[in-house]
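I opened this entry to keep track of what I looked up about helix packing. My notes follow the structure below.

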Amino acid sequence: SSYEEIAGGFKKGLCFITTAVCDWQGKEDDCYELTSLRAYRDSYMMRDAEGRALVEEYYDTAPSLVWILNMQPDAPAVYQRLYEDYLSPCIRYIEQKRYEDCRHLYTEMVRRIKKKYLL
């Protein structure tokens, strides 16, 4: 994907890192992971100022992060680690209604990616 495609899709409210991981796995845009995380974002994260600020921070950086991740020679391995270490546990937290645990883990994922690839 080009940066323009990523940034354009992000304006539509997509979960970009999760979308990239699920795309790499061959999953559809309405897969369980994306549907769950989008519902979590809309019903939990957007309900208070702190959550909205985190979502906005994510919107500011995620298109660039995905673009950079896609350029990595080991992108499939990176996406697999993101799924195993962050996304799959976040989904389990949502299922268990451990919403703050999901917030912390997803935030940690984004900040670690930023630190490794942007700073």
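Entry 1, overall. I note at the outset that this is a predicted model. I counted 6 helices and 0 strands in the protein. Read from the N terminus, the order of elements is α-α-α-α-α-α. I then looked up burial: 47% of the 119 residues count as buried. The accessible surface of the protein is about 6,800 Å², and carbon and sulfur atoms hold 52% of that surface. I also checked how far along the chain the contacts reach. Among contacts with a separation of 6 or more, 65% join residues 24 or more positions apart.

I took helix H2, residues 16-24, against helix H4, residues 49-71. Their axes are 8 Å apart and the packing angle is about 30°. Angles under 35 degrees count as roughly parallel, and H2 and H4 are therefore roughly parallel to each other. From H2, the residues in this contact are Phe16, Ile17, Thr18 and Ala20. H4 contributes Tyr58, Ala62, Leu65 and Val66.

On the H2 side I listed Thr18, Thr19 and Cys22. They meet Glu33, Leu34, Leu37 and Arg38 in H3. The contact of H2 with H3 divides into 3 nonpolar, 2 polar and 2 charged residues.

I looked up H3 with helix H5, residues 75-95. The angle is about 60° and the axes are 10 Å apart. That makes H3 oblique to H5. The crossing of H3 past H5 is left-handed. In H3, the contact uses Tyr32, Glu33, Ser36, Leu37 and Tyr40. In H5, it uses Tyr83, Leu87, Cys90, Ile91, Ile94 and Glu95. I sorted the residues of the H3 contact with H5 into 8 nonpolar, 1 polar and 2 charged.

I came back to Thr18 in helix H2, having listed Thr18 in the contact with H4 and in the contact with H3. Is Thr18 buried or exposed? Its relative accessibility is 0%, so Thr18 counts as buried. Leaving aside neighbours within four places in sequence, I found Thr18 in contact with Leu34, Leu37, Tyr58, Leu87 and Tyr106. Of these, Leu34 and Leu37 were in my list for H3, Tyr58 was in my list for H4, and Leu87 was in my list for H5. I also looked up one C-alpha separation: Thr18 and Tyr86 are 68 residues apart along the chain, with 9.8 Å between their C-alpha atoms.

I found Thr61 in helix H4. Which residues does Thr61 touch, not counting those up to four places away in sequence? They are Val110 and Lys114. Thr61 has 14% relative accessibility, and under 20% is the cut-off for buried, so Thr61 counts as buried.

Notes. Residues are numbered from 1 along each chain as its sequence is written. This is a predicted model: local features need pLDDT of at least 70, side-chain atom pairs count only at pLDDT 80 or more; totals for chains, interfaces and linings use all residues. Side-chain values use heavy atoms; hydrogens and water are left out. Axes are lines fitted to C-alpha atoms, for helices over the stretch in contact, and angles run from 0 to 180 degrees between N-to-C directions. Helices (H or I, at least four residues) and strands (E, at least two) are DSSP runs, numbered from the N terminus. Angles under 35 degrees count as roughly parallel, over 145 as roughly antiparallel, 65 to 115 as roughly perpendicular and the rest as oblique. Contact means heavy atoms within 4.5 Å. Ala, Val, Leu, Ile, Met, Phe, Trp, Tyr, Cys and Pro count as nonpolar, Asp, Glu, Lys and Arg as charged, and the others, Gly among them, as polar. Buried means under 20% relative accessible area, exposed over 50%, partly exposed in between (1.4 Å probe, protein chains only). Accessible areas come from the Shrake-Rupley method with a 1.4 Å probe; for residues, only the protein chains shown count as cover. A crossing is left-handed if the near helix is turned anticlockwise from the far one by less than a right angle, and right-handed if clockwise.
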